[in-house]
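Dear colleague,

Please find the structure below, handed over for your records.

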Amino acid sequence: MNGYGGSILRVDLATGNIYKKPTPVKLAQDFIGGRGFGAYYLFKEVPQGADPLGPENKLFISSGPLSGLMIPGAGKCDFTTKSPLTGGYASASMGGHFTAEMKYAGIDSIILEGISSKPVYLLIDNETIELRDASNYWGKGTIAVEKELKEKFGEEYQVALIGPGGENLVPYACINHDFGRQAGRGGVGTVMGAKKLKAIVIHGTRSIPVADVKAYRTAGRALYKACKEADFLSEWTRYGTTVVTSWCDEVGALPTRNFSAGSYEDGKNLYGPVMREKIVITDKGCFGCPSPCGKYSRSKKYGSYVEGPEYETIGLMGSNLGISDIEAVAHANLLADDLGIDSISTGNAIGWAMECYEKGIFNKSDTDGLDLKFGNIEATFEMISKIARKEGLGVLLAEGVKKASKKVGKGSEKFAIHVKGMEQSAYATHNATAMLLAYMTCDVGAHHNRSWAITYDLQVGRDLVVPEKVARVIWLQNFRPMFDVLGGCRLQWVELGIDRDLYVPALEAITGIHRTWDDLEKVGERIWNLTRLFWARENPGFDRQWDLPAPRFYEDAPRSGATKGQITKFEDVNTLLDMYYEQRGWTNNGLPSPEKLKLMNLTEFLV
Ligand code: SF4
C-alpha cells in the first residue's frame, strides 16, 4: 500500500509471541493511520471493563501515511490505550524520529498486549524483532537509559522509553523519546510500565512506497517553500511555543497559583525572550521539520540540560506554582522528563496541594514536613520526585487531582482542575467560553491540542455563548486531530499559517487516493464519535456531568490580572453543552444518537 509501512506488528509480552500481519487495506481506507488506527483497535480489541493496568489492556503505537516522508513535521506518532488516569480513551502524540523508523522497518502499528513476568525491552531491527532482558535498566531515569541504549546500538536507532514514574504506575506517566520529546498525556507510559516494558529500540532501512514520486517531490517542495517564506518563521523558530507566554499573561490565560488567576505579577521573568536570553543554547526539531520549536536549555544554577521548557511546562510548573525563576522551571522540567511523568498533570497536582496548604487543609504533617507554599522551588523539586517514586504525599498526588481531592474532601474538589479526571493544560479559562467548551468536550479530558480556541474567544468576545463559537470548537475538534491521523505536525499550519490545502496533493501523491479536507474532516468526525462511544462503554452512567469543567471556572472569579472578577455563569456552561450536543447530533446527555451513529457508519461498533 502506497504511503504505508505495510504491516501491523503484534507483541504479546506474556508469551513472547511476536508476529506481523499485513496492514488491512480497509483499515487504511477508513481510518487512514495514527490516531485513527489507535481508536479503531482500542474499541475492537480491548474488552469492555478491562483494567487499564491489566493484561487485557493494550497499547497501540501508530504512524500515519505522511510519517517518515519529506513533508514538514512528518514525525508524529500516536500512542492510544485505555487510560489509567481517566478510565476512558487516551491518545498521546509524540514528535521526534521514532515514527520514521517504524515506517522504515515496514511497520504501521505496534500492538503491545499481555504483561511480561520481568522487565524487558523490545528491539526492532528490520526483521529482527525480539524481547530482551531490561533488568539493568529498570529503576533508572530516561535520560541515562536512552543514552545507554543509543551507545549500545548506534545513533540511528530510535528509543521510546519510560522512567520510574511509569514503572511505579503513576497514572499520568509519559513515554519519552529523543531526550525530551514525550507522549505525555493520559498515562500511556503507565500502561507500558504495567506491561513491564522499559523501552522500544527501533531501526529500519526500507523505503516507503509512494504512488507518484514526481508529484510527491513537487508537493513536498511546495510545502517546504511555504514554510520557508512564512513571515512568522523566524520568531517561531526563535521562541517555539514560549512565543505565547507573554500573550497569555496579558489576556489572563496564564494559569497562576492553581488557576486562581490568569495573569502572574512576575510573569515577565518567564517570557520567551527572557528564556532565550538566559538559558536557551540551541534549537531542536522533529524529523523533517523546517521550523524547530524545541529549545535546548542549560541551567547553570541547577547544573541541568533539558529540552524545554515549552509553554505548557512554563505555565504549569512556573506561574501555576508561583515560581518565576526560569532556571528552576527548566530544572523541574528535567526532573519530570527523567522520572517519566507528565509535566502538565504533575504541575496541576502540586498546584492543588499548594492551595490545600495555603487554605490550611494540609499542614506540615501532611506534606512530609515540606513548607508547601506557592513559590517554594525546593519543595517543588521534592514533590516531583515523591510523585514519581510514590513516597509520602507523593502517593496521594500520584492519583491525579480528581481522585486525590475526593479522598481529601474539605472543599478541595472545587479547586481540582480537571475534566474527566485529566488535569487541565496551561490555559486558564475564566470567561473564555470557547476554550472552556474545548476542554469540557475534549476526547481525552482537559487537553488543549484538539481545539485551541482561546484566540477565537479574544477575537469574537470572550464571554459570548453563541452557536458560532460552538461550531468553531467542533470544526477544530474534527480537523486538528487529523494531523495525528496523518502522522504530521499541525504547527506549520497553526503557527506559520501555511495553506492547509497544500497537504492535499502531497497526500494524494503519497497514497494515490484523492482526499480533500472535507473528506478528512469527515474521518475526524467519525473518530470523534467512536471515541465518545468508548467513554460511554467503559463508564456506566456516563452522561453530561462528565463534561463539566472545574467549579473554579464558574464559581471563583480570578483574584487579579486581566480577568479579575470575571466569571462564566453555570447556566452558560450548560447552554454551551446543550448547543454542543445539538450540533454534534448527540442526545441531551451527550451520547451519539442512533441516527448519528448510522450517519457515521459506526453501528458495527455497537455489536
Ligand atoms: Fe516538532 Fe515543533 Fe517542528 Fe512540530 S514544529 S515538527 S513539534 S519541532
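**Ligand shell**

The shell around the ligand comprises 6 nonpolar, 4 polar and 2 charged residues (Ala, Val, Leu, Ile, Met, Phe, Trp, Tyr, Cys and Pro count as nonpolar, Asp, Glu, Lys and Arg as charged, and the others, Gly among them, as polar). Surrounding the ligand are Gly73, Lys76, Arg181, Gly285, Cys286, Cys289, Ser291, Pro292, Cys293, Cys489, Leu491 and Gln492, a residue being near a molecule if one of its heavy atoms lies within 4 Å of it.

This is a predicted model, in which local features need pLDDT of at least 70 and side-chain atom pairs count only at pLDDT 80 or more, while totals for chains, interfaces and linings use all residues. Residues are numbered from 1 along each chain as its sequence is written, and side-chain values use heavy atoms, with hydrogens and water left out.

**Domains**

An automatic or database domain assignment divides the protein chain into domain 1 (7-203), domain 2 (251-398) and domain 3 (433-605). The C-alpha centres of domain 2 and domain 3 are 27 Å apart. In domain 2, 18 residues are in contact with 16 residues of domain 3 (contact means heavy atoms within 4.5 Å).

**Helix packing**

Helix α17 (residues 433-441) and helix α25 (residues 570-584) have axes that come within 11 Å and cross at roughly 65 degrees (helices are DSSP runs, H or I, of at least four residues, numbered from the N terminus; axes are lines fitted to C-alpha atoms over the stretch in contact, with angles from 0 to 180 degrees between N-to-C directions). Therefore α17 is roughly perpendicular to α25 (65 to 115 degrees). Thr433, Leu436, Leu437, Met440 and Thr441 of α17 make the contact with Val573, Leu576, Leu577 and Tyr580 of α25. The residues of this contact of α17 with α25 divide into 7 nonpolar, 2 polar and no charged.

With kind regards

Note on methods
Helices (H or I, at least four residues) and strands (E, at least two) are DSSP runs, numbered from the N terminus. Angles under 35 degrees count as roughly parallel, over 145 as roughly antiparallel, 65 to 115 as roughly perpendicular and the rest as oblique.
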